[in-house]
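Q: Please show me how to read this model one feature at a time. I would like the general idea first and then the case at hand.

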Amino acid sequence: MRKCNTSAAYLATLAVSDFLFLILTVGNELQYPWMVGALDLQGWCQIWNVLSMTSQYISLMLVFAFTVERFISVCRPFSCEKFSKNSRSSKIITAILFISFLLALPQAVFWNVSPEIGECSVRTVNSTTINMMYVYWNWTSELVMFGVVPIVAFILNACVLKQIRTVGKLYVTSETLHRHVGARCTSTTATLMWISFYLIFSKLPVTIVFTMEPIIQFGEAMPIDAMSRDPVWQRYISYFTARKIIIELGISHHACNIFIYAATSKQFRNHLKFILLQIFWCKAIAPKSSPSQPARPRYPWIHSKA
(Lines give C-alpha, C1' and ligand atoms only; values in the text may rest on other atoms or scores of the structure.)
Protein backbone atom coordinates (compact mmCIF):
# COMPACT_ATOMS: atom_id res chain seq x y z
CA MET A 1 0.00 0.00 0.00
CA ARG A 2 2.91 2.34 0.63
CA LYS A 3 3.92 2.06 -3.02
CA CYS A 4 0.34 2.84 -4.04
CA ASN A 5 0.33 6.19 -2.28
CA THR A 6 -2.84 7.56 -3.87
CA SER A 7 -4.77 4.48 -2.78
CA ALA A 8 -3.38 4.75 0.74
CA ALA A 9 -4.48 8.40 0.91
CA TYR A 10 -8.01 7.51 -0.19
CA LEU A 11 -8.30 4.61 2.24
CA ALA A 12 -6.91 6.60 5.16
CA THR A 13 -9.39 9.42 4.56
CA LEU A 14 -12.17 6.87 4.17
CA ALA A 15 -11.27 5.30 7.52
CA VAL A 16 -11.40 8.68 9.27
CA SER A 17 -14.75 9.50 7.66
CA ASP A 18 -16.22 6.12 8.63
CA PHE A 19 -14.95 6.50 12.20
CA LEU A 20 -16.59 9.93 12.45
CA PHE A 21 -19.87 8.52 11.17
CA LEU A 22 -19.82 5.65 13.68
CA ILE A 23 -19.25 8.09 16.55
CA LEU A 24 -22.15 10.25 15.36
CA THR A 25 -24.34 7.14 15.02
CA VAL A 26 -24.17 6.73 18.80
CA GLY A 27 -25.99 10.06 19.17
CA ASN A 28 -28.63 8.97 16.67
CA GLU A 29 -29.24 5.69 18.52
CA LEU A 30 -29.54 7.49 21.86
CA GLN A 31 -31.88 10.08 20.38
CA TYR A 32 -34.46 7.95 18.60
CA PRO A 33 -34.63 4.29 19.72
CA TRP A 34 -33.75 5.07 23.35
CA MET A 35 -35.32 8.57 23.58
CA VAL A 36 -32.43 9.93 25.64
CA GLY A 37 -32.48 13.34 23.95
CA ALA A 38 -28.79 13.35 22.99
CA LEU A 39 -29.42 15.83 20.16
CA ASP A 40 -31.97 18.11 21.86
CA LEU A 41 -29.64 21.07 22.22
CA GLN A 42 -29.90 24.13 20.00
CA GLY A 43 -26.79 24.39 17.86
CA TRP A 44 -25.67 20.80 18.46
CA CYS A 45 -28.80 19.58 16.66
CA GLN A 46 -27.75 21.45 13.51
CA ILE A 47 -24.04 20.57 13.82
CA TRP A 48 -24.80 16.88 14.27
CA ASN A 49 -26.96 16.69 11.15
CA VAL A 50 -24.40 18.56 9.06
CA LEU A 51 -21.52 16.33 10.24
CA SER A 52 -23.55 13.15 9.80
CA MET A 53 -24.45 13.94 6.19
CA THR A 54 -20.92 15.21 5.49
CA SER A 55 -19.32 11.95 6.61
CA GLN A 56 -21.73 9.92 4.48
CA TYR A 57 -21.09 12.06 1.42
CA ILE A 58 -17.33 11.84 1.96
CA SER A 59 -17.42 8.04 2.07
CA LEU A 60 -19.47 7.83 -1.12
CA MET A 61 -17.38 10.34 -3.04
CA LEU A 62 -14.07 8.80 -1.94
CA VAL A 63 -15.18 5.38 -3.14
CA PHE A 64 -16.39 6.92 -6.38
CA ALA A 65 -13.07 8.78 -6.82
CA PHE A 66 -10.83 5.74 -6.48
CA THR A 67 -13.26 3.71 -8.61
CA VAL A 68 -12.77 6.27 -11.39
CA GLU A 69 -8.98 6.05 -10.92
CA ARG A 70 -9.05 2.26 -11.19
CA PHE A 71 -11.19 2.53 -14.31
CA ILE A 72 -8.74 4.96 -15.93
CA SER A 73 -5.72 2.85 -14.92
CA VAL A 74 -7.16 -0.38 -16.34
CA CYS A 75 -9.35 0.73 -19.24
CA ARG A 76 -7.50 3.91 -20.28
CA PRO A 77 -3.87 3.14 -19.35
CA PHE A 78 -2.37 5.72 -21.71
CA SER A 79 -4.44 8.49 -20.09
CA CYS A 80 -3.78 7.57 -16.48
CA GLU A 81 -0.44 9.37 -16.04
CA LYS A 82 -2.00 12.80 -15.63
CA PHE A 83 -4.63 11.43 -13.23
CA SER A 84 -2.30 9.38 -11.04
CA LYS A 85 0.06 11.91 -9.50
CA ASN A 86 0.27 11.92 -5.70
CA SER A 87 -0.22 15.70 -5.60
CA ARG A 88 -3.44 15.30 -7.58
CA SER A 89 -4.90 12.84 -5.08
CA SER A 90 -4.49 15.32 -2.22
CA LYS A 91 -6.29 17.96 -4.25
CA ILE A 92 -9.10 15.54 -5.09
CA ILE A 93 -9.51 14.57 -1.43
CA THR A 94 -9.57 18.23 -0.39
CA ALA A 95 -12.20 18.97 -3.03
CA ILE A 96 -14.28 16.00 -1.83
CA LEU A 97 -14.18 17.25 1.75
CA PHE A 98 -15.20 20.75 0.69
CA ILE A 99 -18.01 19.64 -1.65
CA SER A 100 -19.38 17.17 0.91
CA PHE A 101 -19.53 19.88 3.55
CA LEU A 102 -21.29 22.28 1.18
CA LEU A 103 -23.86 19.64 0.22
CA ALA A 104 -24.58 18.91 3.90
CA LEU A 105 -24.63 22.54 5.04
CA PRO A 106 -28.35 23.13 4.22
CA GLN A 107 -29.21 20.60 6.94
CA ALA A 108 -28.38 23.32 9.45
CA VAL A 109 -31.34 25.27 8.08
CA PHE A 110 -33.72 22.33 7.83
CA TRP A 111 -33.19 20.99 11.38
CA ASN A 112 -34.04 22.73 14.63
CA VAL A 113 -34.90 22.04 18.27
CA SER A 114 -38.67 22.47 18.33
CA PRO A 115 -39.76 25.02 20.98
CA GLU A 116 -43.04 23.14 21.45
CA ILE A 117 -41.73 19.66 22.21
CA GLY A 118 -38.02 20.42 22.79
CA GLU A 119 -36.78 17.75 20.35
CA CYS A 120 -34.36 17.91 17.45
CA SER A 121 -36.55 17.54 14.37
CA VAL A 122 -37.15 18.94 10.92
CA ARG A 123 -37.95 22.63 11.20
CA THR A 124 -41.69 23.31 10.89
CA VAL A 125 -42.48 26.73 9.46
CA ASN A 126 -45.45 28.24 7.74
CA SER A 127 -43.34 29.19 4.72
CA THR A 128 -44.24 26.99 1.76
CA THR A 129 -40.98 27.95 0.06
CA ILE A 130 -38.81 26.54 2.88
CA ASN A 131 -40.88 23.35 3.06
CA MET A 132 -40.57 22.78 -0.69
CA MET A 133 -36.85 23.54 -0.54
CA TYR A 134 -36.41 20.85 2.11
CA VAL A 135 -38.31 18.26 0.06
CA TYR A 136 -36.60 19.04 -3.24
CA TRP A 137 -33.11 19.38 -1.78
CA ASN A 138 -33.26 16.15 0.18
CA TRP A 139 -34.77 14.11 -2.64
CA THR A 140 -32.38 15.50 -5.27
CA SER A 141 -29.19 15.27 -3.21
CA GLU A 142 -29.93 11.84 -1.76
CA LEU A 143 -31.04 10.31 -5.07
CA VAL A 144 -27.88 11.62 -6.74
CA MET A 145 -25.46 10.71 -3.95
CA PHE A 146 -27.00 7.43 -2.79
CA GLY A 147 -28.55 6.37 -6.11
CA VAL A 148 -26.76 7.71 -9.17
CA VAL A 149 -23.22 7.65 -7.75
CA PRO A 150 -23.33 3.95 -6.66
CA ILE A 151 -24.89 2.95 -10.01
CA VAL A 152 -22.17 4.75 -11.97
CA ALA A 153 -19.50 3.18 -9.72
CA PHE A 154 -21.02 -0.24 -10.38
CA ILE A 155 -20.86 0.32 -14.15
CA LEU A 156 -17.21 1.42 -13.93
CA ASN A 157 -16.33 -1.63 -11.82
CA ALA A 158 -18.07 -3.89 -14.34
CA CYS A 159 -15.94 -2.34 -17.10
CA VAL A 160 -12.78 -2.91 -15.06
CA LEU A 161 -13.64 -6.56 -14.45
CA LYS A 162 -14.43 -7.07 -18.12
CA GLN A 163 -11.13 -5.48 -19.15
CA ILE A 164 -9.12 -7.60 -16.73
CA ARG A 165 -10.89 -10.74 -17.90
CA THR A 166 -10.25 -9.82 -21.54
CA VAL A 167 -6.62 -8.80 -21.30
CA GLY A 168 -5.59 -11.17 -18.54
CA LYS A 169 -3.90 -10.58 -15.22
CA LEU A 170 -2.78 -6.96 -15.13
CA TYR A 171 -0.50 -5.48 -12.54
CA VAL A 172 -2.03 -2.03 -12.43
CA THR A 173 -1.06 0.85 -10.25
CA SER A 174 -2.11 4.47 -10.08
CA GLU A 175 1.49 5.67 -9.99
CA THR A 176 2.94 4.21 -13.19
CA LEU A 177 2.11 3.01 -16.65
CA HIS A 178 4.16 -0.16 -16.28
CA ARG A 179 2.29 -3.45 -16.29
CA HIS A 180 4.54 -5.40 -13.93
CA VAL A 181 5.06 -3.59 -10.62
CA GLY A 182 4.47 -6.40 -8.14
CA ALA A 183 1.59 -7.95 -6.29
CA ARG A 184 1.14 -5.17 -3.73
CA CYS A 185 -0.60 -2.80 -6.10
CA THR A 186 -2.51 -5.67 -7.67
CA SER A 187 -3.94 -6.57 -4.27
CA THR A 188 -4.68 -2.89 -3.71
CA THR A 189 -6.76 -2.86 -6.88
CA ALA A 190 -8.70 -5.88 -5.63
CA THR A 191 -9.18 -4.23 -2.22
CA LEU A 192 -10.50 -1.01 -3.73
CA MET A 193 -12.88 -2.88 -6.04
CA TRP A 194 -14.32 -4.98 -3.21
CA ILE A 195 -14.81 -1.86 -1.07
CA SER A 196 -16.58 -0.20 -3.98
CA PHE A 197 -18.86 -3.20 -4.57
CA TYR A 198 -19.62 -3.47 -0.85
CA LEU A 199 -20.67 0.18 -0.67
CA ILE A 200 -22.81 -0.16 -3.80
CA PHE A 201 -24.74 -3.20 -2.59
CA SER A 202 -25.20 -1.74 0.90
CA LYS A 203 -26.35 1.74 -0.16
CA LEU A 204 -28.60 1.03 -3.13
CA PRO A 205 -31.19 -0.98 -1.11
CA VAL A 206 -31.36 1.90 1.40
CA THR A 207 -32.08 4.33 -1.43
CA ILE A 208 -34.78 2.04 -2.81
CA VAL A 209 -36.65 1.68 0.49
CA PHE A 210 -36.58 5.44 1.04
CA THR A 211 -38.01 6.08 -2.43
CA MET A 212 -40.84 3.69 -1.53
CA GLU A 213 -41.73 5.66 1.61
CA PRO A 214 -44.34 7.97 -0.02
CA ILE A 215 -46.16 4.92 -1.40
CA ILE A 216 -46.57 3.24 2.00
CA GLN A 217 -49.29 5.05 3.92
CA PHE A 218 -50.23 5.11 7.61
CA GLY A 219 -53.47 3.44 8.57
CA GLU A 220 -56.28 5.12 10.45
CA ALA A 221 -56.00 5.74 14.19
CA MET A 222 -57.06 2.60 16.06
CA PRO A 223 -56.05 0.45 19.06
CA ILE A 224 -52.86 -1.61 18.77
CA ASP A 225 -54.80 -4.89 18.76
CA ALA A 226 -56.81 -3.71 15.77
CA MET A 227 -53.64 -2.64 13.92
CA SER A 228 -52.47 -6.25 13.75
CA ARG A 229 -55.59 -7.12 11.76
CA ASP A 230 -55.76 -4.02 9.58
CA PRO A 231 -54.18 -4.61 6.11
CA VAL A 232 -52.98 -1.00 5.78
CA TRP A 233 -51.16 -1.09 9.10
CA GLN A 234 -49.81 -4.58 8.40
CA ARG A 235 -48.32 -3.33 5.14
CA TYR A 236 -46.75 -0.33 6.86
CA ILE A 237 -45.32 -2.40 9.74
CA SER A 238 -43.83 -4.90 7.27
CA TYR A 239 -42.28 -2.06 5.29
CA PHE A 240 -40.93 -0.36 8.43
CA THR A 241 -39.38 -3.63 9.68
CA ALA A 242 -37.71 -4.31 6.33
CA ARG A 243 -36.49 -0.72 6.16
CA LYS A 244 -34.82 -0.89 9.59
CA ILE A 245 -33.03 -4.11 8.68
CA ILE A 246 -31.84 -2.69 5.35
CA ILE A 247 -30.68 0.56 7.00
CA GLU A 248 -28.64 -1.34 9.59
CA LEU A 249 -27.05 -3.43 6.82
CA GLY A 250 -26.37 -0.22 4.90
CA ILE A 251 -24.52 1.26 7.87
CA SER A 252 -22.32 -1.84 8.10
CA HIS A 253 -19.99 -0.67 5.32
CA HIS A 254 -18.75 2.09 7.62
CA ALA A 255 -17.54 -0.55 10.11
CA CYS A 256 -16.73 -3.68 8.12
CA ASN A 257 -14.14 -2.51 5.59
CA ILE A 258 -11.44 -4.00 7.83
CA PHE A 259 -12.67 -7.48 6.89
CA ILE A 260 -12.23 -6.62 3.21
CA TYR A 261 -8.69 -5.40 3.91
CA ALA A 262 -7.88 -8.63 5.74
CA ALA A 263 -9.41 -10.84 3.04
CA THR A 264 -7.79 -9.15 0.04
CA SER A 265 -4.42 -7.87 1.30
CA LYS A 266 -1.73 -10.22 2.60
CA GLN A 267 0.37 -7.27 3.71
CA PHE A 268 -2.51 -5.92 5.81
CA ARG A 269 -3.02 -9.36 7.42
CA ASN A 270 0.66 -9.57 8.32
CA HIS A 271 0.68 -6.10 9.88
CA LEU A 272 -2.56 -6.86 11.76
CA LYS A 273 -1.12 -10.09 13.16
CA PHE A 274 2.04 -8.27 14.17
CA ILE A 275 0.12 -5.53 16.00
CA LEU A 276 -2.20 -8.01 17.77
CA LEU A 277 0.72 -10.17 18.87
CA GLN A 278 2.52 -7.12 20.22
CA ILE A 279 -0.56 -6.07 22.19
CA PHE A 280 -1.18 -9.50 23.70
CA TRP A 281 2.52 -10.09 24.28
CA CYS A 282 2.85 -6.80 26.24
CA LYS A 283 -0.19 -7.71 28.34
CA ALA A 284 1.17 -11.18 28.98
CA ILE A 285 4.59 -10.06 30.24
CA ALA A 286 3.47 -6.94 32.13
CA PRO A 287 2.69 -8.70 35.47
CA LYS A 288 5.95 -10.68 35.35
CA SER A 289 8.28 -7.80 34.59
CA SER A 290 10.25 -6.10 37.37
CA PRO A 291 12.86 -3.29 37.50
CA SER A 292 15.62 -5.71 38.52
CA GLN A 293 14.78 -8.51 36.08
CA PRO A 294 13.14 -7.53 32.79
CA ALA A 295 10.83 -10.10 31.29
CA ARG A 296 12.10 -12.17 28.41
CA PRO A 297 10.12 -11.88 25.19
CA ARG A 298 7.68 -14.72 24.64
CA TYR A 299 7.84 -14.28 20.87
CA PRO A 300 11.52 -13.60 20.03
CA TRP A 301 10.88 -14.02 16.29
CA ILE A 302 8.90 -10.76 16.32
CA HIS A 303 12.06 -8.71 16.87
CA SER A 304 14.60 -8.40 14.12
CA LYS A 305 18.03 -9.85 14.81
CA ALA A 306 20.84 -7.41 15.46
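Q: What is the relative accessible area of C256?
A: Relative accessible area sorts residues into classes: buried is under 20%, exposed is over 50%, and partly exposed lies in between, with a 1.4 Å probe and protein chains only. C256 has 25%, so C256 is partly exposed.

Q: What kind of model is this, and which pLDDT do local features need?
A: The model is predicted: local features need pLDDT of at least 70 and side-chain atom pairs count only at pLDDT 80 or more, while totals for chains, interfaces and linings use all residues. Residues are numbered from 1 along each chain as its sequence is written, and side-chain values use heavy atoms, with hydrogens and water left out.

Q: What is the mean pLDDT of the protein chain?
A: pLDDT is the predictor's confidence in each residue, on a scale from 0 to 100. Here the chain mean is 80, and 78% of the residues reach 70 or more. A contact means heavy atoms within 4.5 Å.

Q: How many helices and strands does the protein chain have?
A: Helices (H or I, at least four residues) and strands (E, at least two) are DSSP runs, numbered from the N terminus. The chain has 10 helices and two strands, in the order α-α-α-α-β-β-α-α-α-α-α-α along the sequence.

Q: What percentage of the 306 residues of the protein chain counts as buried?
A: The buried share is 37% of the 306 residues. As for contacts with a separation of 6 or more, 74% are between residues 24 or more positions apart. The accessible surface, from the Shrake-Rupley method with a 1.4 Å probe (for residues, only the protein chains shown count as cover), comes to about 18,400 Å², and carbon and sulfur atoms hold 69% of that.

Q: How many disulfides does a search of the whole structure find?
A: A disulfide is a covalent bond between the sulfur atoms of two cysteines. The cut-off used is a pair of cysteine sulfur atoms within 2.5 Å. The search finds one, between C45 and C120, with the sulfur atoms 1.9 Å apart. It links distant parts of the chain, 75 residues apart: C45 is in helix 2 and C120 in strand 2 (residues 120-122). The S-S torsion of C45 and C120 is about 70 degrees, so the disulfide is right-handed. C45 is buried because its relative accessibility is 0%, and C120 is buried at 3%.

Q: Where does W48 lie?
A: W48 is in helix 2 and is buried, with a relative accessible area of 7%. Beyond four places in sequence, W48 touches L24, G27, N28 and L39. The C-alpha atoms of W48 and G27 are 8.5 Å apart, while the two residues are 21 residues apart along the chain.

Q: Is Q56 buried or exposed?
A: Q56 is buried because its relative accessibility is 14%. Q56 lies in helix 2 (residues 44-75) and, beyond four places in sequence, touches F21, F146 and K203.

Q: Which residues make the nonpolar surface patch?
A: Patches are made of residues with over 30% relative accessible area and no salt bridge, joining like charges within 9 Å and nonpolar side chains (Val, Leu, Ile, Met, Phe, Trp, Tyr) within 5 Å. A salt bridge is a side-chain nitrogen of Lys or Arg within 4 Å of a carboxyl oxygen of Asp or Glu. This patch, of about 450 Å², is made by F98, I99, F101, L102 and L105. F98 is in helix 3 (residues 86-104) and is exposed at 52%.
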